[in-house]
Amino acid sequence: MDWNKIHELRAIVVGDVMLDQYWYGDVKRISPEAPVPIIHVHEEELRLGGAANVAANMAALGCHVRLLSLVGNDTDGLKLKALLDEYEIKDSICIVPGMSTTKKLRLIARAQPLLRADFETPFVDADNLLSQLFSQVIETADLVVFSDYNKGVLQPVQRWIQEARRLGKTVLVDPKSADPMVYRGANIVTPNLKEFEQWVGACANTEILVAKAVHLIAQMDIEALLVTQGEAGMTLIQADGTFIQVPACVREVFNVTGAGDSVIATLACCIGAKASYSESVQLANLSGGLAVGRVGTAVISQEELKQVQQNAKHSGGLKKPHSLTQLVEICSDLKKRKKRIVFTNGCFDILHAGHVDILERCRAMGDCLIIGLNSDQSIQRLKGAHRPINPLEQRATVLLGLSSVDYVVAFEDDTPLHLIQTLTPDILIKGGDYTIDTIVGAEWVQEHGGHVYALPFQIINSTSTIEKKLATLDMEPS
């Protein structure tokens, strides 16, 4: 994959945009008015949704993107356009008087979604408002992505597809219509399994899926279908019956919101950069795996995708922790790109299910998880001369082998306070029986605008318990 070619790519994204609003908080009691949880909201966040999220993902991969869509004449529309500016996305968005911008409000407590409220009224006049704009900008593009969320923007999509193909442009579609023929003539269409089966009927196995896909490809006059299947991975089927099947990235799924946006954005950028179908699908699959491991819609950067691709190809050897100097530079770059940095720390001497679970939950609360790892000498002072059981490099290698962990940095002190004050993460988390007032570094993070969480272990275990069980086994007669 020649990543530099993505920087030369010019793309247009057309489709339904929405403003994703998140309210984060804690639940500590049930309402006396009704048997519902009370969430104490302490943070609000706005993100791009729908076609705007597709455009943001393509921009983060290095592509030059223009977005065409409709918003209402309201403050939500203005907020959405301001977010587009942050990602340096050119937009040709029409403001429609009397209409409201589509918005999704989600309430989330400790990475657990509690409620979603939708505010939407489908647009009805997209043809008159956008067709002239589409004709004006299509000639400057290398490819077009249509992102359909069934909110009315893509009513003229069939005519736009034909116009783009007459000009020799590559066209990809993330569909929503119950009629697949409205996407006739595109290059690649990317339904999920539910959407695909609504078109062709149930598919009991891959053989049936491929056969039905080949028949539909001929009817739609397209080159390929990419059928995404959640935990079963994804399958790209071509007109001649050949297909590429990739398994899902194995990680805990926190939220599938916007995962399809990341998939089609990555697929479009890779195909536009002349990568093979096989590599394009592999990278799109990795991107989707990253997206579902986060809370809410996610924007996957080129740097993140390169890193996960490199990890997937890693063929052995010990992975070493980063130095603090390296992490300072990395965090500086992450903050410039408005990424949420999560930090936790521990000995992680014998990694167990409780560790894996809480690290997945930590990672889902931000864009990057850094682990402060006690050095061997630090553990000896805290746990005794017989610890650690596993030396630092081995502990770091195991942690870095988890998909939830991005970086590991060792520290010699008894606490990670110096690390926390140097890196100043956006989110500080400890698991187990901690309370916020007993978490080292909590005051520093809060003073700098960050948030601190104490997450209880959902799977109870400990290195000390495992050590005692092993000692008991050693005492038993053979």
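Buried residues are those with under 20% relative accessible area, exposed ones have over 50%, and partly exposed ones lie in between (1.4 Å probe, protein chains only). The model is predicted, so local features need pLDDT of at least 70 and side-chain atom pairs count only at pLDDT 80 or more, whereas totals for chains, interfaces and linings use all residues. Residues are numbered from 1 along each chain as its sequence is written, and side-chain values use heavy atoms, with hydrogens and water left out.

Helices (H or I, at least four residues) and strands (E, at least two) are DSSP runs, numbered from the N terminus. The buried set runs through Ala51, Ala52, Asn53, Val54, Ala55, Ala56, Asn57, Met58 and Ala59. Just after α2 comes Gly62, with a positive phi of about 110 degrees.

Attention now turns to strand β12 (residues 234–238), which is mostly covered, with four of its five residues buried. Strands pair if DSSP finds at least two bridges between them. On one side of the sequence, β11 (residues 224–228) runs antiparallel to β12 and is joined to it by five bridges; Ala224 has Gln238 of β12 as its bridge partner. Five residues lie between the strands of this hairpin, where Gly230 takes a positive phi near 60 degrees.

β12 is also joined to β13 (residues 243–246), again antiparallel, by four bridges, and Leu236 is partnered with Ile244 of β13. This hairpin has four residues between its strands, and Gly241 in the turn has a positive phi of about 95 degrees.
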